[in-house]
Amino acid sequence: MTAAARALRAPFARVPELPGAAFLLALLAAGFALAHPEFLSARNLSNIALQCAALIIVSLGMTLVILTEGIDLSAGAVLGLCGVVMGLLLASHGSLPVAIGAAVLIGVVAGCCNGALVAYAGMPPFIVTLGVYGIAQSLAMVLTQGNSVTGLPPAVRWFNEGDLAGVPVPILAMVALFALTWVLLYRTRFGRYVFAIGGNRRALELAGVRVRAWLVAVYAFAGLLAALASFIMTARMNAAHPTIAIGLEFDAIAAVILGGTSFEKGNGGIWGTLVGALAVAVLRNGLNLVGLSTEWQVAVVGLVIVSAVALDALRNRA
Amino acid sequence: MIAAVQRMPAEVLFVVFTRTAFLAALVVLLAIVSPHFLTTDNMVIVLRQAALQFLMASGLTLVVLTGGIDLSIGAVLGLGACLGAGFIASGSVLMGVAAALGAGLACGLVNGALVAYVGIPAFIATYGMLWVAHGLGYVFMKGEVIHGFPAAFRTLGAGFVGAIPVPVLIGAGILIVLHVVLHLTRFGRALYAIGGNAVAAKLSGMPTKRFLVTVYALSGVLAAFAGLVVIARVNAADSGTGEELLLTAIAAVCLGGTSLFGGAGGVVGTAIGSLILALVVNGMNMLSIATFWQAFAMGVIVILAVLADVSFKRRMQ
């Protein structure tokens, strides 16, 4: 291969051997395209892109966490809390930078709590993040009395409706954060340690790497991404609601697993997650389009995702 | 091996000591704070609440003993409650009970098969089932609330035998049965073995996969049964029933000292954990703390309980 060709290939060198998500995405896209003429329209496709921006951002953090053999069940609740805090500060005439700073701080602090309890205390990740889920959800409800925070200044809507050089802000944010995560994961020490922690944590510790501190950084990064995603979701609803993202962590976990990242041995990466998140977003969008009621959607999405994960597990075992 | 055996008593002692101290401190504190706390009426409320939580947490305890987890129990409880309510309100109590328990069994069997035979991590399989069961309950109810059940059915949750609430009797019965099963049957001992070392359990000839499916099925059935008791108690059901109970059930198991890594613990601990949580909720109600804070308390309790046990175990090593 020539140097030029190699340079051109480099960013895609990490594209994994087609994960299960690719087949699911193709199947869903073909199915919905046949079922509904609107599905492939430019308007609907841009809708899907806008809708999956927040999911992809959260899924990026989830990928890193899962690569370290962890899990983050608190992502949706933390996202909700970040949105609520930002909304309350803005509704009481706080400045936008302060509100954004506070939300980011909460996301990072929640992530650090998760990380510290997992890394330093040695607690199982799902129990830590389930506890933090309860705490964050409860705080969001207490702060809002369970109601939506409305009356946000128009400036907030920029996070969803604004554009830079014609590219919508959510898409831009998603691409930028994907690029950032790509660089962190494949071009820095941080990224190599993420894979190594999942691959052989003990060896890394023996090599003198401060594994615990890096693990905290992984969860903190996931918390930061949840906070950033909360801006987009709050802007889309033009209101902050404490339960806005409950269940988003399920979509994110599904996106990661469908994307071929496994809970063992640090296998996987963010290209697969991108395809996985698209598959989940297409599934939700398509079900809406063909007019399946929201009641059925919850069950069908759960069913499709569990089946896909089960098929993937069987395929990998074979 | 010998070291492990010698280490065990210290861990058990630690759990027993910390939990007893917590329970005693809670009782003394609540008795000081509220003169109403030590009345018979309030004790009945606390015990009934504890029994409801224990019903759900008891099946989960067995799952956790094998080193697994069942995150679907809150949603399965809700699905059981919805299906049961639908049939019972239209006059057929027997059909309602059968539908609820059947749904719980089906969910549990699928969970078990996914974990044991397909090899999906337990928290993923059961987390997916959470959304499937929740969605099905939602489909069945279409956002409505079903209320008003026949008095005979309501006895299950709101009745008394003498001065003792029926749910407390049911909870006590299940506690005794499960305790005996865990300690005196091959199946029960196998659960500890699977949690302690799944490979060794399999190599020593135990039908580990079949036992795992049984455990998840049991967890599903007990959760659905808890759903029936809940709707009999509150006389109403909607698709959100049970949603907040998952965290409480996990808190009860952790507080009870059952190790999340499997292989150690039991249902007696979970019963005590349920009692502590019922006291916490009761205390919060008596101090008129908003119910929104309850999830906060459960989250903190889960984390602190596991943190204490994990830290103690580390110090012992």
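A residue is called buried if 20 or more other C-beta atoms lie within 10 Å of its own, exposed if 12 or fewer do, and partly exposed in between, with C-beta atoms placed from the backbone. Helices (H or I, at least four residues) and strands (E, at least two) are DSSP runs, numbered from the N terminus.

This is a predicted model, in which local features need pLDDT of at least 70, side-chain atom pairs count only at pLDDT 80 or more, and totals for chains, interfaces and linings use all residues. Residues are numbered from 1 along each chain as its sequence is written, while chains are lettered from A and ligands numbered from 1 in the order in which they are written.

**Chain A overall**

- Chain A has 13 helices and two strands.
- Its radius of gyration (taken over C-alpha atoms) is 19 Å, close to the 20 Å that the globule rule gives for 318 residues, so chain A is as compact as a globular protein of that length; the rule is 2.2 Å times the number of residues to the power 0.38.
- The C-alpha atoms of chain A fill a box of roughly 55 × 50 × 40 Å along the principal axes.
- Of the 318 residues of chain A, 52% count as buried.
- Two residues are in contact if their C-beta atoms, placed from the backbone, lie within 7 Å. Among contacts in chain A with a separation of 6 or more, 78% join residues 24 or more positions apart.
- The average pLDDT (the predictor's confidence in each residue, from 0 to 100) of chain A is 89, and 93% of the residues score at least 70.

**Helix 6 of chain A and A:Q137**

- The end C-alpha atoms of helix 6 of chain A are 28 Å apart, which agrees with the 28 Å that its 20 residues should span at 1.5 Å a residue; the expected span is 1.5 Å times one less than the number of residues.
- A:Q137 is found in this helix, residues 125–144, and counts as buried because it has 25 C-beta neighbours inside 10 Å.
- Leaving aside residues up to four places away in sequence, A:Q137 touches A:A77, A:G80 and, from the other chain, B:A295.
- Helix 6 of chain A is followed by A:Q145, whose phi is positive, near 55°.

**Where chains A and B meet**

- The contact takes 37 residues from chain B and 37 residues from chain A.
- On the chain B side, helix 4 (93–118), helix 5 (122–141), helix 11 (245–255) and helix 13 (293–316) each give two or more residues.
- Helix 13 of chain B gives the most to that side, with 13 residues.
- By class, that side has 29 nonpolar, six polar and two charged residues. Here Ala, Val, Leu, Ile, Met, Phe, Trp, Tyr, Cys and Pro count as nonpolar, Asp, Glu, Lys and Arg as charged, and the others, Gly among them, as polar.
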